[in-house]
Amino acid sequence: VQLQASGGGLVQPGGSLRLSCAASGNIFSILAMGWYRQASGKQRELVASVSSGGSTYYVDAVKGRFTISRENAKTVYLQMNNLKPEDKAVYSCNANLRSSVGSALSNYWGQGTQVTVSS
């Protein structure tokens, strides 16, 4: 299983970025996909997630600014609007999935993508 993430970069405060994450490989079902971030010197935190049923979660700091969505069962996006300097972090995609019928749920991670918000 591989998660291919993309979309980070440098943006000015108030700007927007969209992160993408596509899962591939031996995947039977995906329970949920989400985005975590880790800022320098801080612990990793869950930013947003979406379940197979469409339920979403957002950390309070991004509510109203970020939107997570799924294009299909294996691709998830994070639209980030009105970015703030405190959003600067390495963002990583995560998927909680089963690789085959009857297998246990496992977590998979994509490579991190840097988001920098600076004027």
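The model is predicted: local features need pLDDT of at least 70, side-chain atom pairs count only at pLDDT 80 or more, and totals for chains, interfaces and linings use all residues. Residues are numbered from 1 along each chain as its sequence is written, and side-chain values use heavy atoms, with hydrogens and water left out. The structure holds 4 salt bridges (a side-chain nitrogen of Lys or Arg within 4 Å of a carboxyl oxygen of Asp or Glu).

**Salt-bridge network**
- Arg37 pairs with Glu45 in a salt bridge, with the closest N and O atoms 2.7 Å apart.
- Arg37 is buried, at a relative accessible area of 7%, while Glu45 is partly exposed at 30%. Buried means under 20% relative accessible area, exposed over 50%, and partly exposed in between (1.4 Å probe, protein chains only).
- Arg37 also forms a salt bridge with Asp87, the closest N and O atoms being 3.0 Å apart.
- Arg37 lies in strand E4 (residues 29–38) and Asp87 in the loop between strand E8 (75–80) and strand E9 (89–98), so this pair ties together parts 50 residues apart in sequence. Strands (E, at least two residues) are DSSP runs, numbered from the N terminus.
- Asp87 forms a salt bridge with Arg65, where the closest N and O atoms are 2.7 Å apart.
- Arg65 sits in the loop between strand E6 (56–58) and strand E7 (66–72), so its pair with Asp87 ties together parts 22 residues apart in sequence.
- Asp87 is buried at 1% relative accessible area, and Arg65 is buried at 9%.
- Shared partners join Arg37, Glu45, Arg65 and Asp87 into one network of salt bridges.

**Largest pocket**
- The largest pocket holds about 150 Å³ of space. A pocket is an open set of points on a 1 Å grid over the protein atoms alone, where a 1.4 Å probe fits, with protein on both sides within 12 Å along at least five of seven lines; lining residues have an atom within 4 Å of a point. The volume is the space filled by probe spheres set on the points, which are joined across faces, edges and corners.
- Its lining includes Arg37, Gln38, Glu45 and Ala89.

**Strand E9**
- In E9, 8 of 10 residues are buried.
- E4 and E9 run antiparallel, joined by 9 bridges. Two strands pair if DSSP finds at least two bridges between them.
- Gln38 stands opposite Val90 in E9, and Val90 stands opposite Gln114 in E11.
- E9 joins strand E11 (residues 113–117) through 3 bridges, running antiparallel.
- E9 also runs antiparallel to strand E10 (residues 106–109), with 4 bridges.
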